[in-house]
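Visitor: I would like to learn how to read sheets and helices in a model such as this one. Could we take them in turn?

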Amino acid sequence: MPDPTNVPPDLSSWTGHVVVCGLHDEGLRVVEQLDLAGVAVVVVDHAPDVRLVGALDALGVPHLAADARIPETLAAVGLGGAAALICVESDDLTTLAVALLARELSPQTRVVVQLRNPAVGRALQDIGVAVLDVARLAAPSIVEGCVRTGVRTLHLGGEDFVVTESTAPQEGSLRDLYGDLAPIAVVPAGGARVEMTPGRDHRVRSGDTVVVLGTPADVRAAGVAGPRPKPAAPAFVGARAPRASAPRRAALVGYLVRSIDRRIKLVLFALAVLATASVSMLMLGYEEPSGRRMSVVDALYFTVETIGTVGYGDFYFRDQPLWLRVWAICLMLVGATLATVFFALLTNVLISRRIEATLGLRRITGLSDHVVVIGAGSIGVVVVSQLRARGIQVIAVEADEDNRYLAQLREQGVQVLVADATLPETLGTVQLERARAVAVLTSDDLANIESGLAVRDLLGARWADVPVVLRLFDRRLANTVEASFDFRYVRSPAALAAPWFVGAALGIEVLDTFYVGDEPLLVARLPVRGGGRLDGLPMRELSARIRVVSLVRSDGTRQHPPRRETRFAAGDAAYLVGPYEELLLLLRSDQPTDRTSPARRAPNSSVEATVAARPPS
């Protein structure tokens, strides 16, 4: 039975709240987002982390230390009156059991779960459960940090928009430099705080990074580098397509030569010297009774058959000079010994390479412009797959040789190294000096920082040019690491995924999440409800940190970009970009208040005030 000592006694009578099962990294971020949006929430975890429980206490969120797979537990947290249940347990089997039980006990309650198994996920979706995968939600932002294309495509209301980075060519206002493109953020060149959704009259300096949004045509018209079209495949008419170029073949030969064991090279060299000496002596000294001497082919033939211990008996040495017979004896002994050593070394290499391929211990050679992914967990595997889909070579480093994802990576042809990435020797093995990017994605914040610092030390002068994406959960720690150690790509998968869970629970349509600098942004669709808070509201009265990208009117006409004086009207669909907290609060404020809409808490942060903060310039 659940222990009710740490929850209010009337919790089972609550209505319209959200139940979160699983107090892990994602669970805490979901709770924080719900709390900031003013939603009443209660947490269930049978073995809660003390550190995370302290965070809940600071928020004033009730929590129950009990097993969510037991009906009495869900009854104790008021599942019957809850608007939604979000399950972010780390174990798929537990998640499945909680989802099925919640659907059975309260069919009218929205159920949102985190699930990694696609087959089970599809089965749950068939019975009305919303299934999300944190790894697939977070991976695109991590991949973008690695490849740094500076371009992201958004599909908003049937039309494509492009979010792209540009370096300000000169000082001036955003309006003068980028026209009608919607400014999303400005990252000052001096490393100052990112300016989110600035007005078009905001002035930038030469060298500042400006993130703007617009249609592909508008982006190209403004002279900003939009998405590059893929080059067409070359056509070969009346001839076969050429095979690998000479440099590529040379690189392949060089790789094969470097891969041969040094001892084998020495034995092959000794055999070559022995064969050359034997051919020379046989051509010089061997003479048949008829006076015929050995040709080059005959001498080479006899040498190979002697070293190979075949001995067909087609050449006789009984009548040859003494020195030549002594040489034949030496050829047999030395040649057989060298041949035996060669085959022994070759067998050893073949067997050891097989073992090393299984354990991932072989030194990786011949790669360049690759990405090193440290941590082959659920997120690391998806990142590897998405990088390979872009045609990028990847090396995965994993400390746990029993990791269940290693077989999956090897089946995809990914080179895997089972080793401790915090050790410089490991990083030297993965050709770090020729890597294009590094992604440190283990689930341990401390291990990630240690690995990141080791990577920074080994990169040396290349540190400024090679992106190192660091996965961290703790927000304050992430800010400190960025400021103290100059990490420019710190990402939190939990922060990227949390809005999707909150949106699914609240009935809000979240479209995308991504990072600008160190700030996670949310893209969402907001239908304007008749008689709601936004009906008739001028856009200039929205928070300055929320950008309306596109407005689709009830008659189907589209306004892009909408003007400050434009008023929302019932039936409109607005597509917005902004920081998580403020945008979720805005989306929540226009939701109808009924049984299926989560209950509101008293405002507990300054975010509420930002919805109607200063108007955008």
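Visitor: Which residue in strand 18 is the bridge partner of valine 438?

Guide: Please keep in mind that this is a predicted model. In general, the strands of a sheet pair through backbone hydrogen bonds, and the pairing is either parallel or antiparallel. Here the bridge partner of valine 438 is valine 468 in strand 18, and strand 17 (residues 437-440) is joined to strand 18 by three bridges, the two strands running parallel.

Visitor: What is the order of the strands in the open sheet?

Guide: The six strands follow the order 16-15-14-17-18-19, with parallel pairing. Strand 16 (415-418) and strand 19 stand at the edges with a single partner strand each, so one side of each has no neighbour in the sheet. On average, and with direction ignored, neighbouring strands of this sheet are turned by 15 degrees against each other.

Visitor: Which residues of helix 17 are buried, and why do they lie on the same side of the helix?

Guide: Since an α-helix has 3.6 residues a turn, residues three or four places apart point the same way. In helix 17 (residues 475-485), the buried residues are Ala478, Val481 and Glu482; they cover an arc of only 100 degrees around the axis, which puts them on the same side of helix 17. On the other side of helix 17, Arg476 and Ala483 are exposed.

Visitor: What covers the buried residues of helix 17?

Guide: The cover includes helix 16 (445-459), together with strand 18 (468-471) and strand 19 (489-491). Following helix 17 comes aspartate 486, whose phi is positive, near 65 degrees.

Notes: Residues are numbered from 1 along each chain as its sequence is written. This is a predicted model: local features need pLDDT of at least 70, side-chain atom pairs count only at pLDDT 80 or more; totals for chains, interfaces and linings use all residues. Side-chain values use heavy atoms; hydrogens and water are left out. Buried means under 20% relative accessible area, exposed over 50%, partly exposed in between (1.4 Å probe, protein chains only). Helices (H or I, at least four residues) and strands (E, at least two) are DSSP runs, numbered from the N terminus. The arc is that of the directions from the helix axis to the C-beta atoms. Contact means heavy atoms within 4.5 Å. Two strands pair if DSSP finds at least two bridges between them. Axes are lines fitted to C-alpha atoms, for helices over the stretch in contact, and angles run from 0 to 180 degrees between N-to-C directions.
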